[in-house]
Amino acid sequence: MDKRLGMTSFRLNGTEVEILPRPGERLSEALRDRLGARDVKVGCNAGDCGACTVLVDGAPVCSCLMPAQQAAGKTVETLAGLVAGEPLARELGRRFEGQGAAQCGICTPGMMVSAVALLREVPEPDERQVMDALGGVLCRCTGYRKIIDAVMGHAPGAVVDAQGHTRAAIEKLDGRRKVDGTEQFGDDVAPADALVIRVVRSPHAHARFTLGDLDGFARAEGLDAVLTARDVPGLNLYGTIPGFIDQPVFAEGVARFRGEAVAAVVGAPDVVARFDPERFPVTWEPLEDAQTIPEAMAPGAPLLHEGRDGNVMCGGFVAHGDVEAALERADVVLEGRFETSFVEHAYIEPEAGFAQVVDGRVEVHACTQAPVMDLDTLETVLGMDRSRIRVVPTATGGGFGSKLDVSVQPYLAIAALKAGRPVRIAYERTESMQSTTKRHPADMTVRIGAGRDGRISGLRFDGLFNTGAYSSWGPTVANRVPVHASGPYRVADYRAEAKGIHTHCPPSGAFRGFGVPQAAVAQESLFDELADTLRIDRLEFRILNALENGVPTVCGQVFEQGVGIKACLEALRPAWEAERAEAARVNAAGGPVRRGVGVAAGWYGCGNTSLPNPSTIKAGVRGDGQLVLHQGAADIGQGANTVIAQIFATALGVPVTALELVGGDTDVTPDAGKTSASRQTFVTGNAARLAGEAMRAEILQRANAGPEAEIVLREAGIEVRDGDRVQVIDLAALEPDAEGYVLRVAETYDPPTKPLDENGQGVPYAQFGYAAHLCVLDVDTRLGTVKPFKFVAAHDVGHAVNPLLIEGQVEGGIAQGLGMALMEEYLPGRTENLHDYLIPTIGDMPPVETLIIEEPDAHGPYGAKGLGEHVLIPTAPAILNAIRDATGVQMQRLPVTPSRLRAALKEAGG
Amino acid sequence: MEYHAPETLGDALDILSRGGVTVVAGGTDFYPSMRPGGPRGDLLDITRVAGLRGIARQAGGWRIGAATRWSEIARADLPRAFDGLKAAARKVGGLQIQNAGTVAGNLVNASPAADGVPPLLTLGAQVEIAGPGGTRRVALEEFITGVRQVALDPGEMVVAVHMPEPPTDAAGAFCKLGSRAYLVISIAMVAVVLGRDEEGRIDHARVAVGACSPVARRLPALEAAMIGARLEELRIDPAHLAPLSPIDDVRGSGAYRLEAVSELIGRALREAAHG
């Protein structure tokens with residue numbers, strides 16, 4: 001470091017650079033903001049996630065924890081530099097693509113940079129060495145196993161397939177930019193001169209507040225603007241469900257949860273970097289709060305919203321047959337109460353984006369699962385006609401439900417309009433955790449009866465769900481749970497009720513499964529006890545009661561085809577028998593470590609519950625013969641860009657590589673709905689199939705060709721080969737439309753559902769997907785620790801559009817289910833970072849054997865079903881059942897931490 | 001507000017003597033605890049100060065420079081008594097943290113869950129401190145005085161950690177208990193150094209426990225009871241754990257911690273004995 005000038009010079013990716021960082025500036029900031037190295041990703045700014053890993057003199061370090069000045073005289077390498085300059089890194093990138101080891105891609109730079117350091121030293125590492133090298137980098141999408149495979153150089157899971165149609169396990173079409181550092185996430189797109197927004201949040205769960213002299217504060221601090229509720233041009237409320245639009249952009253006078261926004265400051269980067277929220281002129285008057293369901297339902301509890309007596313947001317109800325009579329006549333009736341915790345989505349990309357005003361229109365570029373819903377919200381919040389708003393989704397570094405709701409978008413749009421300049425924002429990890437939605441904590445009581453023949457005779461479910469301060473997707477959870485709480489079984493006599501209860505906690509919203517994973521914990525745990533009481537094998541008990549084609553669901557819906565749960569359960573039989581025998585053998589030796597095997601099943605209805613949720617897919621052929629697919633289904637890592645393209649290419653009859661993809665920019669791409677409820681493969685996939693078929697029909701008609709004709713896209717025109725006859729459609733002869741398309745199609749699909757009546761009877765979903773998991777684990781009974789070491793997961797996907805991506809979903813979902821079961825518990829004020837809030841690391845995820853079942857669905861494209869939520873629904877109960885198998889202890893509260901399990905073992909006399 | 005990166009201890013102490021200066025080395029605790037708005041005063045980067053880095057055998061013992069990285073310790077060729085320290089070095093965060101975090105930083109940060117403290121206690125570590133009045137040495141037990149509190153006077157900084165030469169037959173071990181495999185903040189942790197005579201009787205015993213009291217503690221009563229005993233005869237009774245005062249928190253209950261500690265001590269001792 002040159003002491004006289006304070007300049008710091010170092011070698012970045014082979015080039016000498018010189019910067020003048022401010023004292024306290026992180027190397028990550030300097031790399032991203034001063035040197036343009038936005039391939040360095042920031043996930044936590046605390047060394048907890050490893051996304052920002054770079055090599056300094058060859059050693060991996062978190063660049064967020066290194067003072068920029070410390071780089072002086074050293075060599076710094078980032079992913080982009082490594083891939084550009086080192087064959088080893090390029091090869092590793094190819095392996096990541098071949099394994100599907102990058103889903104959303106936000107952790108990929110940290111993973112790959114760490115792996116390069118390992119591979120330089122150890123060219124052929126074993127699994128333990130890979131885990132030790134990557135143990136400091138968190139991934140929330142993949143479940144890590146494919147990353148291990150990639151680093152170890154295992155044979156790729158992807159196939160090379162010239163057509164890339166459905167059922168081909170091709171690499172992700174957008175995979176390359178995730179492994180070479182060029183993918184642009186929410187915080188990677190702002191122009192260098194953008195102002196920075198920082199939100200001021202409530203430190204209290206419930207408090208009245210008064211704002212002071214904001215203009216004076218802005219002048220004193222050198223800020224460009226301070227925003228509060230008074231600056232919201234339209235309605236200062238947002239939400240997701242009509243009738244439940246109740247969350248303010250900025251709280252007005254009262255904050256209802258810790259982390260709620262009350263104001264935002266806007267200023268130049270250096271000014272905002274020095275901003276200390278403690279100086280902000282606001283006076284707090286803390287009020288009595290109610291953060292748990294019992295507190296919120298107690299007489300005299302503070303009411304969160306007028307008109308919602310007892311803090312009950314709303315409820316959902318399903319009744320079929322006569323549950324009380326069935327329980328009365330049952331030979332065995334068991335009851336259990338189960339509780340779960342707040343679960344944080346913990347995607348590695350905190351919410352981020354930028355906005356600017358262009359020709360009087362506001363453009364918001366941000367990570368999202370639902371660009372058109374973002375636009376809907378901005379329309380009301382800004383009070384602006386939607387024609388003046390453009391939403392451009394960036395790459396999204398994981399979502400899992402939480403990025404369905406707006407977060408940064410209103411602040412960006414309001415600030416850009418007010419400042420008249422580009423503005424950017426990236427949430428800090430703690431504010432992301434404090435302010436965005438969570439999985440609902442549930443308090444569930446279930447009663448299930450069965451006859452001596454093993455048939456279920458009555459199931460009653462009563463669940464209370466802590467929905468937090470605002471509604472978000474709480475009503476969806478309340479409605480969905482009663483439809484699903486039977487599990488995928490034949491339950492003729494049923495009653496289920498779920499209620500969302502407001503508390504002074506962050507809003508609970510959408511999280512992979514919408515309440516169904518919680519309900520499955522209760523029902524599937526009790527199923528094991530029932531089977532044992534009846535002395536029936538636990539798997540056979542499920543197979544005996546499995547729902548089948550032609551048998552009504554608890555909503556009275558009858559599927560004539562596609563009910564695949566029995567096939568899933570039967571697929572687990574060989575592993576169940578072998579692992580049970582092995583566990584018995586291992587346990588016979590005695591000792592404090594006990595092995596257990598557990599199974600559980602799940603189902604999930606794809607799409608909105610009894611509500612329209614159409615998707616539209618548009619495609620066009622330009623004059624130069626290029627085929628363009630406007631793919632608006634937000635790809636948050638799960639692979640919609642690939643899956644939707646595969647379906648479209650299949651229907652049209654061209655290789656998938658012929659497609660140029662255009663994303664969900666609301667100016668050019670129609671609404672493909674939200675990436676939610678496992679609906680994209682099913683709903684948008686159907687729109688893609690219809691669009692592909694429509695384009696094929698038009699081309700064949702123009703060529704006067706038969707249905708079997710082959711279509712070949714060429715620059716000169718579209719060649720149509722029908723037997724020996726070859727026709728060429730001369731594209732130059734066609735008039736291009738405003739977008740330059742000479743041929744275009746747009747097709748919409750909306751799943752056929754019917755409203756539910758007052759007893760929840762009807763057609764809630766056109767399609768369900770089914771799943772069953774088996775978990776093998778060891779319990780260290782002296783310490784209460786649990787070590788899963790194998791999963792077998794059977795999933796009925798109807799038609800496997802891309803088997804590699806299916807495995808990726810399954811492994812990633814299991815990792816989240818494992819976290820929910822064993823370690824994850826969000827507590828406001830206590831676990832607001834990624835070292836106190838624990839998600840699984842690379843060493844926690846065992847291998848997964850994925851068994852793909854194809855029971856074609858009547859409505860899905862080529863029979864395909866959704867999968868995104870199904871993958872974690874059976875996981876937690878399978879783990880609980882395995883723990884019970886190992887120890888005899890039925891855990892009834894999640895997560896099963898070592899402390900809780902040890903206490904339960906002691907109580908049981910262990 | 002300035003960033004200083006001096007190359008001599010004298011310059012570093014000069015800057016420190018001006019007051020209002022925060023020392024930064026690996027940054028692994030500095031940044032996570034940095035308040036919004038950034039540092040309020042000057043920063044003193046000690047990683048370029050000569051003589052603060054590295055591990056050396058000296059007359060009567062070992063010296064680890066204050067700014068020595070945990071990964072350097074993990075890779076160092078050290079006597080078996082240091083195995084617990086080396087195992088702890090591999091458990092300080094992930095590899096990224098081990099490549100940056102320093103041994104003195106772990107001590108000065110004074111977290112009850114600091115991974116380095118229990119093994120250093122079992123090695124009889126002394127902290128070498130430099131300041132306006134010259135240098136002094138303080139036993140580690142006396143250096144960390146409470147949660148986030150250390151016995152450093154204004155203008156002073158840690159320059160090294162010293163450990164006496166351990167008995168040649170002694171072996172160390174370290175057990176860390178958490179809810180996941182990597183990036184663990186301990187529920188409880190145990191470090192031991194164990195020496196045995198030719199007949200298998202314990203002739204050197206050091207046991208220290210972290211995350212179960214405001215400051216990690218040695219267990220002198222247990223150590224005393226171990227001398228002369230065989231490992232398999234050893235029974236840990238509640239009086240041995242009297243120095244501990246574990247709390248209930250999100251990671252586990254106090255009662256659980258105490259129970260786990262007994263188990264972990266047994267496991268650590270067996271590991272030290274059998275490798």
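**Helix, interface and sheet exercises**

**Exercise 1.** Find which residues in α3(A) meet which in α6(A), then classify the angle between the two helices.

*Solution.* Leu92(A), Arg95(A), Phe96(A) and Gln99(A) in α3(A) meet Lys146(A), Asp149(A) and Ala150(A) in α6(A) (contact: C-beta atoms, placed from the backbone, within 7 Å; helices: DSSP runs of H or I, at least four residues; strands: E, at least two). By class, this contact has three nonpolar, one polar and three charged residues (nonpolar: Ala, Val, Leu, Ile, Met, Phe, Trp, Tyr, Cys, Pro; charged: Asp, Glu, Lys, Arg; polar: the others, Gly among them). The model is predicted: local features need pLDDT of at least 70 and side-chain atom pairs 80 or more, while totals for chains, interfaces and linings use all residues. Residues are numbered from 1 along each chain, with chains lettered from A and ligands numbered from 1 as written.

Next, the axes of α3 (87-99) and α6 (145-152) of chain A come within 8 Å and cross at roughly 140° (lines fitted to C-alpha atoms, for helices over the stretch in contact; angles from 0 to 180 degrees between N-to-C directions).

**Exercise 2.** Describe the side of chain A that touches chain B.

*Solution.* Chain A gives 51 residues to the contact and chain B gives 40. In chain A, β4 (59-62), α5 (127-134) and α24 (898-907) each supply at least two residues. That side of chain A comprises 24 nonpolar, 16 polar and 11 charged residues.

**Exercise 3.** Give the strand order of the open sheet in chain A.

*Solution.* The five strands run β2-β1-β5-β3-β4, with mixed pairing (pairing: at least two DSSP bridges). β2 (15-19) and β4 of chain A are the edge strands. β3 (53-56) of chain A pairs antiparallel with β4(A) over four bridges, and Val56(A) stands opposite Ala59(A).

Key: Parallel < 35°, antiparallel > 145°, perpendicular 65-115°, else oblique. Contact = placed C-beta atoms within 7 Å.
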